[in-house]
Amino acid sequence: MTIAAALFAGHASAQQNGSQYSVQEIVDAGHGFFGNTSGGLAKVVENAFAQYGLPNGYILGQEGSGAFIAGLTYGEGELYTKNAGQHPVFWQGPSLGIDYGGQGTRAMMLVYDLPSVNSLYARFGGVSGSAFVVAGVGMTVLRNNNVILVPIRTGLGARLGINVGYLKLTPTPTWNPF
């Protein structure tokens, strides 16, 4: 763990209540999920915690996406919360922009200000940018009312561009991204 992560973890755990996750809990979950190839994970998580504070949930899953100006993303995973347990979650969504390529990724989504599990099943919009060949770690921010999702992705593929779009999260799988 970096010095900044150690200092921030101490600060975050002092402010943590029983339903939120500390930096160390998220980094540990991410390393267990992403494996040793996620060297940049701690820095990305530190950045998310510095900007948004302590999440009260996170999602671990995998997704596939592709774009040639217009794009589509499909994924599935598991929502983890301290006070409401684990729940399956699926996501899909369109994007539009100057964006080309495809990728298969593992995704960790930090969930902020989630009042109930049902509040997660909605559309979360945002702007995303990517520039990598072969592998990379990236973070985006999506919002629906007061609930914030911060997807952190690492995977294989080639992607270049910027787009605007949304992810629609559902409790069951669907092919309809709209």
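Tyr 100 is partly exposed, with a relative accessible area of 37%; the label covers the range between buried (under 20%) and exposed (over 50%), using a 1.4 Å probe and protein chains only. This is a predicted model, so take everything here as computed: local features need pLDDT of at least 70, side-chain atom pairs count only at pLDDT 80 or more, and totals for chains, interfaces and linings use all residues. Residues are numbered from 1 along each chain as its sequence is written, and side-chain values use heavy atoms, with hydrogens and water left out.

**Overall layout**

- The protein chain has three helices and five strands, where helices (H or I, at least four residues) and strands (E, at least two) are DSSP runs numbered from the N terminus.
- Reading from the N terminus, the order is α-α-α-β-β-β-β-β.
- Of the 178 residues in the protein chain, 47% count as buried.
- Take the contacts (heavy atoms within 4.5 Å) in the protein chain with a separation of 6 or more: residues 24 or more positions apart account for 69% of them.

**Aromatic pairs**

- There are five aromatic pairs in the structure; rings of Phe, Tyr and Trp (its six-membered ring) pair if their centres lie within 6.5 Å, and planes under 30 degrees apart are stacked, over 60 edge-to-face, and the rest tilted.
- Phe 68 and Tyr 100 have ring centres 5.3 Å apart and planes at 65 degrees, so this pair is edge-to-face.
- Phe 68 sits in strand β1 and Tyr 100 in strand β2, so the pair ties together parts that are 32 residues apart in sequence.
- Phe 68 itself is exposed, at 64% relative accessible area.
- Elsewhere, ring pairs join Tyr 21, Tyr 58 and Tyr 80 into a cluster.

**Strand pairing**

- Strands β1 (residues 57–81) and β2 (residues 85–112) run antiparallel, joined by 24 bridges; two strands pair if DSSP finds at least two bridges between them.
- The link from β1 to β2 is a hairpin through three residues.
- Across from Leu 110 in β2 you'll find Tyr 58.
- β2 also pairs with strand β5 (residues 147–170), again in the antiparallel sense, over 21 bridges.
- In β5, Ala 158 is the residue opposite Gly 102.

**Helices α2 and α3**

- The axes of α2 (residues 23–34) and α3 (residues 41–52) come within 10 Å and cross at roughly 145 degrees; axes are lines fitted to C-alpha atoms, for helices over the stretch in contact, and angles run from 0 to 180 degrees between N-to-C directions.
- On the α2 side, Val 23, Ile 26, Val 27, Gly 30, His 31 and Phe 34 meet Leu 41, Ala 42, Val 45 and Phe 49 of α3.
- By class, that contact has eight nonpolar, two polar and no charged residues; Ala, Val, Leu, Ile, Met, Phe, Trp, Tyr, Cys and Pro count as nonpolar, Asp, Glu, Lys and Arg as charged, and the others, Gly among them, as polar.

**Two residues with positive phi**

- Ile 69, in strand β1, has a phi near 70 degrees, a positive value in a residue other than glycine.
- Ile 69 is partly exposed, at 39% relative accessible area.
- Asp 113 has a phi near 60 degrees, also positive in a residue other than glycine, and is found in the loop between β2 and β3 (123–139).
- Asp 113 counts as exposed at 52% relative accessibility.
- Leaving out residues up to four places away in sequence, Asp 113 touches Asn 56, Asn 146 and Val 147.
- C-alpha to C-alpha, Asp 113 and Asn 146 are 6.6 Å apart in space, against 33 residues apart in sequence.
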